[in-house]
Amino acid sequence: MKLRSTLAVALVSLVSLGGVAEAQYRWVDAQGRVHYSNVRPVAPAPPEAPEPAKRPGDPKALIEEVLDLSGTKKQIYQFPAVVQGQLSERRDEMRPVDYEQASQVVAESYRPEALYQAVVETFKHRYDEQRLLAVAQTLRTPLFKRITQLETQSLTPEAGEGIRAFGARLRQEPPPPARLALLRRLDEAAGVTEGNLDIMVATVRAIATAVEPMLPPARRAKPGQLEQMLIQLKAQARPYVKNDMLVTMLYAYQPLTDGELREYVAFYESDTGRWYTRVAREGALTALTAAADEFGRRIGKRAAATPAAQPAPAEPKGSPSAPSTVMQKNWALAASALLTERNGQRHDLLGGSERTDANVKNWKQIMRDWWGINSRADLFMVLKWLDEGGHRQDFEQLGEFSRSLSAAQHKELRRRLQFSDNEVGLHQLAMVDTYSEKLGKKSLLAWDYARYISLCRWGYLVGYLSEEEAWERMLPAARTLQSAFDSWKDLGENYLIGREFWSLERTQKDGHLYRTAFQKLLADPASPWNRYSWETSLDPTAPAKTVKASRPR
C-alpha cells in the first residue's frame, strides 16, 4: 500500500480506536465559517494536478506525478479533517472558548498545502530518479491503477459500514490462509500497521499538546508522562490496528486474484518498493511532525494558562539523611548485578567501567541506541518513567484487564491476536495470565528498578550525573527492592520475568545468557550476591561497618 494508504487508512483505524461514529464534529471552512454536524468533515478537494512533465530530469514534476498517480495528494488533503475529528472527542473536557481556539489553531497548523509540500520536499531530498521512474512506470500499469481505485473506494464513508459488516462475517467465514499470508507480507513490506501507528501517535500528541494548558492543573500530565502514555498507547493499539488493517485489506482487495495480489506484494518487497515505502513514510511523519510543532507553538501563544514548566530532574523517593555506608552502597550495586554481569562490567565500580574516553563514548552510544538517551535531561525523563511505572504499569494493567474478562471474552481476545498474527500480544497475555496474580504487589519491580540503578551507574560513567546524584537515586531504589523481595534469588527471578514480558524476541535470542548470569551470581562465592547479605540494613541512619569490599568509585 502506498503513502496514500499509510495516511488514509488512518481514517479507518482512528475511527475504530476512538469510537467516534456518533461524535459531534466541528470544523472551519476556507471562508472561516464554523460548522457542526454528526458527520466527519470532508476535506477540501486538492487542486487538479498539473500534466506530468515529459522532459527527463525534472524531479518536482516526476515526484508530483507519482503522488498524483498513487492518490497520495488527494488523501493528504483529507488529513486535516481527521485531526479536527480527533479534537472533537475532547470537546466536553474543555471550555467552549478553549475548544474554539484549539480548533482554529488546527485549521491554521494542519494546512493541506503545507503537508503536501513537506512530502514533496522529502522525496526531493531522497531523490533517486531511476527508482522513482520505476515507481511511476509501475503505477501507470492497469493493475496498479485498478488497485489504487479499490483502495480509494475502501476509504469512503459508504465503505465504512461495508468493512464492519465484512469483518463480522469473517468470524464465520475466515479467509484462506494463503490470502492472509499475502496480506501480512504486504503489511510488513509496506509498513501499513507501523505507519498508521506513527501517524496516530503524532496526531494524539498534537491534540494533547493543545488541550494540556487548558485543563485544570490537577488533570495535567506530569513531565514526561505524555510521551510515556504515547508509548503505551502505541503498544496497546498495535494488535487492534494490525487486525483492522488486515480486515480493511481483505475487504478492499476482494476483486483481486491471489496472482494479482502477489504481484502487488512483490513490488513492495522489491528494492524499489522498499525504498518508496521508506521515503513515503518519512515524508508523512515529517509533514505531521512539522504540523504538530506548529500546532504546539500557536496554541502555546494563545493559551491563557501559564505554559508548563520544563521537566525537573527526577527526585528519589526519600534521600538519605546521613552518609550511606560502604556496605549499603555495595548492596545497591549488587541490585543491578544481573545486567552488570551480562554486560561484562565490574561490580565494584559505581560506573561499572573505568571512565576512559573509549568507555564514555561506548556507553553514551549504548544509552542512545537502547534507551533514546542523548542528554542529562533525557536520562532524568527515563528515570522518572521507571520510577513512576515502567513496564510494570503495562504488566499490571494488562493483568487487570485479562482478569476482568469472562472465559468467552478471553478466548475471543486470543482469537483476535492469533488472527492478526500478533505473537507479541499473545506472549504478553500469556505472561500476565501466568504471573500477574502470583507476583501480586511485586509486579515487575526488580526489572524496572534494577535497570533504574544501572542507568544511574551509566549516567555517572558518561558524566550525566555526579557521584552524589547517582547515589541519591540508587539507594532509595535499593531500599524499594529490599522491601519488596525476599532474597537475591527472588529479585533475579523477577528481573528475568520482566525481561521476558518486555521482549519475546530478545528472550528467544539471548535469554539463556541472562539465565547463565543469574545462575553464576547465585553459585559463585565471589559474586556480590554472596558477598553482601540480603539482610544488610539499608536504613540511612545505620552506623558504618568495616567491609572487605573496595569502596565503589
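The side chain of Ser154 reaches the backbone oxygen of Glu151 at 2.7 Å, within the limit for a polar contact (a pair of N or O atoms within 3.5 Å; within protein, one must be able to donate a hydrogen and the other to accept it, and residues adjacent in sequence count only if both atoms are side-chain atoms). This is a predicted model, in which local features need pLDDT of at least 70 and side-chain atom pairs count only at pLDDT 80 or more, while totals for chains, interfaces and linings use all residues. Residues are numbered from 1 along each chain as its sequence is written, and side-chain values use heavy atoms, with hydrogens and water left out.

Ser154 sits in the loop between helix H8 (142-153) and helix H9 (157-169); helices (H or I, at least four residues) and strands (E, at least two) are DSSP runs, numbered from the N terminus. Ser154 counts as buried because its relative accessibility is 5%, where buried means under 20% relative accessible area, exposed over 50% and partly exposed in between (1.4 Å probe, protein chains only). Beyond four places in sequence, Ser154 is in contact (heavy atoms within 4.5 Å) with Ala159, Ile163, Tyr251 and Ala252.

The protein has 26 helices and 2 strands, and buried residues make up 50% of its 553 residues. Among contacts between residues at least 6 apart in sequence, 82% join residues at least 24 apart.

The largest nonpolar core has 68 residues; such a core is a set of buried Ala, Val, Leu, Ile, Met, Phe, Trp, Tyr and Cys residues joined through side-chain atoms within 4.5 Å. Helix H14 (residues 271-302) supplies the largest share of this core, 9 residues. Leu183 is one of the residues with the most contacts inside the core. Leaving aside neighbours within four places in sequence, Leu183 is in contact with Leu246, Met249, Leu250, Tyr253 and Leu261. Another core, of 67 residues, lies apart from it and includes Val382, Trp458, Leu461 and Tyr495.

Confidence is given as pLDDT, the predictor's confidence in each residue, from 0 to 100. The protein averages a pLDDT of 80, and 78% of the residues score at least 70. Among the elements, helix H1 (residues 3-18) has the lowest mean pLDDT (33) and helix H22 (residues 445-462) the highest (97).

| Segment | pLDDT | Contacts beyond four places in sequence |
|---|---|---|
| Residues 1-55 | under 50 | 126 contacts |
| Residues 304-322 | under 50 | 27 contacts |
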